[in-house]
Amino acid sequence: MNKIVEKEHFSERVVKIVVEAPLIAKSRKPGNFVIVRVGEQGERIPLTIAGADIQKGTISLVVQKMGVSTTKLCDLEVGDCITDLVGPLGQPTEIHQVGTVLACGGGVGVAPLLPIVEAYKKAGNRVVTILAARSKELVILEDEVRKWSDEVIVMTDDGSYGKKGLITEGMEEVIRREKVDECVTIGPAIMMKFCALTTKKHAIPTVASLNAIMVDGTGMCGACRVTVGGKTRFTCVDGPEFDAHKIDFDEMMARLAGYKPEEQEKMEHFLQQ
Amino acid sequence: MSVSKEYLKEQREQAWRVELRGKKKNKERTAIPRVKMTEADPNERTHSYIEVNRGLNIEEAVKEATRCLDCPNPTCITGCPVEINIPKFVKRIEQREFLEAAKVLKESSTLPAVCGRVCPQEKQCEAQCFYTQKLNQDPIAIGHLERFAADYERESGHFSVPETAPSNNIKVACIGAGPASLTFAGEMAKLGYDVTVFEALHEIGGVLKYGIPEFRLPNHIVDVEIENLRKIGVKFVTNFIVGRTASIDDLREEGFQGFFTGSGAGLPRFMGIPGENYIGILSSNEYLTRVNLMDAANPETDTPIISGKRVAVIGGGNTAMDSVRTARRLGADRAMIIYRRSIEEMPARKEEVKHAQEEGVEFLNLCNPVEYFADEKGRVKQMKVQKMELGEPDASGRRRPIPLEGSEYLIDVDTVVVSVGVSPNPLIPDSLPELEVTRWGTIVVNEDTFQSSIPDLFAGGDIVRGGATVILAMGDGRRAAASMHEYISNKTKN
């Protein structure tokens, strides 16, 4: 069950794993996520599905080493099994033919963005994708994204690859030169916040896929709650995608740091072993 | 499906029961005071997760069982949602046939060690006991005795496995692995069905694992009862969400002929007051799941937990008591219950309220939160509460709390646990648009058969009732099994 059949290092801290999960591969849709747990002492963490192969019965996940759980997951090798894997969870992305779609991915957020880009393209849209990263080594899945995009713009903070600058500069450039009908953004919360501010200025409908703290991922606990349009919503069952112009990003960012001291304690304990 | 009077009478006339009744006069029996269960010392238990109630020893159990008058009309049975033959098992204890007592329990109950611990007996079997009804004395400690028999059997290692009918090779599925489903699964397996239980989480047991804490219901006891279900052939599949991982149609194609959903009321309610999403404010479900299911207080596990020093728990139910007592065990100096009615109106069991008081929990009654305040990092630091007074009884029969204008004051807190109720889990209804649900999201079923608007789908427990009790969920599971058996039998005949 849940055997890892392929592993690829995108960078020192970012790993792609392909894992056996035939039922999830069959039933997942773009935008869905899974909850995984590594080891009997492990915690439950959410990861968006980056792709699936129904024939092979596998799904792929892209993981960035951040804390105890992601480190344990990244350290698994081909042939190892993930203790628990459940899904697909969350509402799938609503894909329509709208015209031109601007897809904005930052860091490992590009992984969950990929199936959405693919679906938008297959639905007959013109897709312009912007990939943003701090530096060249952190740009992932560029070839795969190119396959399903009409145009790809790469932006790096330090200018080591593509254009130098923030993702919003790339967005402004596209919006200036052509009509954009819809925007989708996945990446660090701060990036999504500024993407949302940019498109709001131009009144372009935008969805953001949120990466909240979760426990069960089935609506049972409310750890992942977020304020959208003044109302409390649960990211795991109502999302993970919401109207980016209505999300309270500041509250969301504060909540993401909610367990920082406790997480650090767990990390120190882990490193001592 | 109620137990017939003739059957009970016949059982009561068995030689061993007649002989036992003859051994002591009723006057001698009623003169014995009700046994008190030993409890762990409050100072010691608040620093550990040891079980608070220590159980009865053999002599205590036999003495308590001797009090039972073995009534010709045992009203206690009508108070039990799964209709355990109470006098029969109690008399087996008096007779010192403890393993036989455990067998009697298993005739009707899938989880006796659980029910003996968490049922509100004072509202059920014990409320209908002859002692309560006619003698105005303390009832027989039926719950304590049930627990004793189940624990005795477990510790003896001589488990009796209930008899099962020959396999009929008919596959049925349970959705969710809480008390309703486990009971349904046990009953169907006894009838010869090929039962598979599908559970979304990585552990079996539902609220018995993630909700009720170790100090009330140790997980290893739940595991033993689950093991017993495996022994009679029940299969368990974890990490499987029916309607998501695979649909009910997919399962029908795999040959499943009946479905029972006991998917529960797991969706926590919040109050919708300003500041409720600040860091440090969480639902009791999240708080208890982290501690109970994920074992977050153990440094060896990866799941973090906030161990606040000043913890306010909002609500007055059993979940609120579980949360506030957990907070004490996590090291809270000040653990407070904030409840808008008075202590008499609390839905929590009296015993739990008493235990919480002994453990140093503060009760702020007639008091309701209206707003939260946070520090610059968004972490809760204070709450504003408003005092209440009680007005006329409302629809629930309890006196309605009325806010007192101008009575607001501030309390310093660093953790708030919101325990104001739960709503039905929407995952199953969402995946079945044709399923009839109420406006509260509960599944509509026939009251007698537990059949939903989809003929092969039956439902019971909290997904039908909203937040209720373990034993009511079990009663539903038991009756749903009987009626699904009838439904499938009729279908195969035609």
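Which residue caps the N-terminal end of α8(A)? That residue is A:Asp248, with a side-chain oxygen 3.3 Å from the backbone nitrogen of A:Asp250. Welcome to a predicted model, where local features need pLDDT of at least 70, side-chain atom pairs count only at pLDDT 80 or more, and totals for chains, interfaces and linings use all residues. Residues are numbered from 1 along each chain as its sequence is written, chains are lettered from A in the order in which they are written, and side-chain values use heavy atoms, leaving out hydrogens and water.

**Where the chains meet**
- Chain B brings 39 residues to the contact and chain A brings 46 residues (contact means heavy atoms within 4.5 Å).
- Between them the two chains bury about 3,600 Å², 53% of it on carbon and sulfur atoms (buried area is the accessible area, with a 1.4 Å probe, that two parts lose on being put together, summed over both).
- B:Arg244, B:Asn277 and B:Asp302 supply 22% of the area that chain B buries against chain A, more than any other three residues.

**A charged link**
- The count between the chains is 1 salt bridge (a side-chain nitrogen of Lys or Arg within 4 Å of a carboxyl oxygen of Asp or Glu).
- A:Lys72 and B:Asp302 meet in a salt bridge through their side chains, at 2.7 Å from N to O.

**Helix α8 of chain A**
- This helix covers residues 249-256, and its buried residues are A:Phe249, A:Glu251, A:Met252 and A:Arg255 (buried means under 20% relative accessible area, 1.4 Å probe, protein chains only; helices are DSSP runs of H or I, at least four residues, and strands are runs of E, at least two).
- Seen down the axis of α8(A), these buried residues fall within an arc of 160°, so they line one face of the helix (the arc is that of the directions from the helix axis to the C-beta atoms).
- They pack against α6, β13 and β14 of chain A together with β6 of chain B.

Technical notes
Buried means under 20% relative accessible area, exposed over 50%, partly exposed in between (1.4 Å probe, protein chains only). A polar contact is a pair of N or O atoms within 3.5 Å; within protein, one must be able to donate a hydrogen and the other to accept it, and residues adjacent in sequence count only if both atoms are side-chain atoms.
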